[in-house]
Amino acid sequence: MNMQLIDFPSFIDERGSLVAIEGIQNIPFEIKRVYYIRDVKQGVRRGFHAHKELCQVLICVNGSCKILLDDGNAKHEFLLDSSNKGLLVGKMVWRQMYDFSPDAVLLVLASEHHEEQDYIRDYEEFLKMKIEGTI
Ligand code: T46
């Protein structure tokens, strides 16, 4: 599956809450890289690319944002508004991130190190690769 919501276990007690995320366990890959996006201005859209091989899990650990995923056949919009909900985004999925609340922090767990050659930043090229089944 190239897109899926994942619920993470949350351990809540009188001290607060703890959310546990483990590579291979509730994330279906070994985590090689972590980054986060914050301070996104109102009205700004990020993304506009797909990845040839990279798989990622997106978690809005504070605030909220929306993610639009497009696998070349259909578009799906997801609201990320909980720190115990992750969105798995597989390879060859076009993404946009938008409607960030002022306090939003989008944490991303990635299956690979950062590599610009893995990005497809041209939507027509993405659709062509999908149709031709290049990847
Ligand atoms: C994705 C979405 C969800 C690095 O140097 N290392 C990194 O690990 C990353 C992710 C980015 N960068 C540099 C490359 C650019 O100069 O940070 C700058 C901003 O990256 P970009 O314009 O690709 O950011 P977004 O928000 O459009 O996309 C990012 C990820 O790049 C992408 O893989 O799936 O978040």
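Guide: A strand here is a DSSP run of E with at least two residues, and strands are numbered from the N terminus. The model is a predicted one.

R33 is buried and yet takes part in no salt bridge. A salt bridge requires a side-chain nitrogen of Lys or Arg within 4 Å of a carboxyl oxygen of Asp or Glu. For R33, the nearest side chain of opposite charge is that of D118, at 6.9 Å. The side chain of R33 does reach a backbone atom, the oxygen of E112, at 2.9 Å. Leaving aside residues up to four places away in sequence, R33 touches L54, Q56, V108, L109, A110, E112, H113 and H114.

Salt bridges do occur elsewhere: a search of the whole structure finds nine. One of them pairs R38 with D39, with the closest N and O atoms 3.6 Å apart. D39 counts as exposed because its relative accessibility is 52%, and the threshold for that class is over 50%.

A further salt bridge joins the side chains of K91 and E53, at 3.6 Å from N to O. This pair links distant parts of the chain, 38 residues apart: K91 lies in the loop between strand 9 (85–89) and strand 10 (94–98), and E53 in the loop between strand 5 and strand 6 (56–62). K91 counts as partly exposed because its relative accessibility is 35%; E53, at 45%, is likewise partly exposed.

R121 and E116 also meet through their side chains in a salt bridge, at 2.9 Å from N to O. R121 is partly exposed, with a relative accessible area of 47%, and E116 is partly exposed at 41%.

As for the strands, five of them form an open sheet with antiparallel pairing, in the order 8-7-10-5-12. Its edges are strand 8 (75–80) and strand 12 (119–120), each of which pairs on one side only. Strand 12 runs antiparallel to strand 5 (residues 46–51), and two bridges join them. In this pairing, H51 stands opposite Y119 of strand 12.

Another antiparallel pairing is that of strand 2 (residues 10–13) with strand 3 (residues 16–19), joined by four bridges. A hairpin of two residues connects strand 2 to strand 3, and I12 has S17 as its bridge partner in strand 3.

Methods: Residues numbered from 1 in each chain as written. Predicted model: local features only at pLDDT ≥ 70, side-chain atom pairs only at ≥ 80, totals over all residues. Heavy atoms only, no water. Buried < 20%, exposed > 50% of the residue type's maximum accessible area, 1.4 Å probe, protein only. Lys, Arg positive; Asp, Glu negative; His and termini not counted. Polar contact = N/O pair within 3.5 Å; in protein donor to acceptor, adjacent residues only side chain to side chain. Contact = heavy atoms within 4.5 Å. Pairing = 2+ DSSP bridges.
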